[in-house]
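Student: I have a sequence and a model on screen. Can we go through the labels and ask what backs each one?

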Amino acid sequence: MTYFVLFLGLCFVLGGLAVAYNPSLYSGEVGLVLASIVGSGWLLSLGISFMSLVLFMVYLGGMTVDNVYSFSLVAD
C-alpha cells in the first residue's frame with residue numbers, strides 16, 4: 001500500500017510538471033486530467049473520499065471549461 005501511495009504521488013508530480021512545462025495547450029490539458037485523476041486516487045487511498053470527489057468534480061470540471069475557452073480563443 002505504501003508503494004501505491006508513493007506511485008500516485010509521483011504520478012501527481014509528473015502530471016503537474018506536464019502542465020507547467022508543456023508548450024502546447026492541448027498536451028497541457030492531458031497533464032491536467034492526469035494530475036486531477038491521480039490526486040483524487042491519492043486522496044481516496046488515504047481514506048478521504050469526499051475531498052477526492054470534490055477535487056475531481058470542481059477542479060477538473062472548472063479547469064477543463066477554462067481551458068476549452070482558452071483553446072477557442074487561441075484557435076480564433
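The dialogue below takes the labels one by one.

Student: What kind of model is this, and how many helices and strands does the protein chain have?
Tutor: The model is predicted. The protein chain has 3 helices and 0 strands. From the N terminus, the order is α-α-α. The C-alpha trace spans about 45 × 25 × 10 Å along its principal axes.

Student: Why is H2 called roughly antiparallel to H3?
Tutor: Take the angle. Helix H2 (residues 25-45) and helix H3 (residues 49-75) pack at about 175 degrees. Over 145 degrees counts as roughly antiparallel. That makes H2 roughly antiparallel to H3. Their axes lie 8 Å apart.

Student: Which residues of H2 meet H3?
Tutor: On the H2 side they include Leu25, Leu32, Ile37 and Leu44. Among their H3 partners are Leu55, Phe56, Met63 and Val74. By class, the contact has 15 nonpolar, 7 polar and 1 charged residues.

Student: How many aromatic pairs are there, and what makes the rings of Phe12 and Trp42 a pair?
Tutor: The count is 1 aromatic pair. The ring centres of Phe12 and Trp42 are 6.1 Å apart. The limit is 6.5 Å, so these rings qualify.

Student: Why is the pair of Phe12 and Trp42 called tilted?
Tutor: The ring planes of Phe12 and Trp42 stand at 50 degrees. Stacked needs under 30, and edge-to-face needs over 60.

Student: Which parts does the pair of Phe12 and Trp42 tie together?
Tutor: Phe12 lies in helix H1 (residues 2-20) and Trp42 in helix H2, so the pair ties together parts 30 residues apart in sequence.

Student: Why do Phe12 and Trp42 count as partly exposed?
Tutor: Buried means under 20% relative accessible area, and exposed means over 50%. Phe12 has 35%, so Phe12 counts as partly exposed. Trp42 has 30%, so Trp42 also counts as partly exposed. Of the 76 residues of the protein chain, 24% count as buried.

Student: Where does UniProt place the signal peptide and the transmembrane region?
Tutor: An unreviewed UniProt entry puts "signal peptide" at residues 1-20. In the model, residues 1-20 are 95% helix and 0% strand, with end C-alpha atoms 29 Å apart. The UniProt entry, unreviewed, puts "transmembrane region" at residues 30-60. Residues 30-60 are 90% helix and 0% strand, and their end C-alpha atoms lie 11 Å apart.

Notes. Residues numbered from 1 in each chain as written. Predicted model: local features only at pLDDT ≥ 70, side-chain atom pairs only at ≥ 80, totals over all residues. Heavy atoms only, no water. UniProt positions renumbered as here; feature names shortened; annotations may be inferred. Helix = DSSP H or I, 4+ residues; strand = E, 2+ residues; numbered from the N terminus. Axes fitted to C-alpha atoms, helices over the stretch in contact; angles between N-to-C directions. Parallel < 35°, antiparallel > 145°, perpendicular 65-115°, else oblique. Contact = heavy atoms within 4.5 Å. Nonpolar A, V, L, I, M, F, W, Y, C, P; charged D, E, K, R; others polar. Phe/Tyr/Trp six-rings, centres within 6.5 Å; stacked < 30°, edge-to-face > 60°. Buried < 20%, exposed > 50% of the residue type's maximum accessible area, 1.4 Å probe, protein only.
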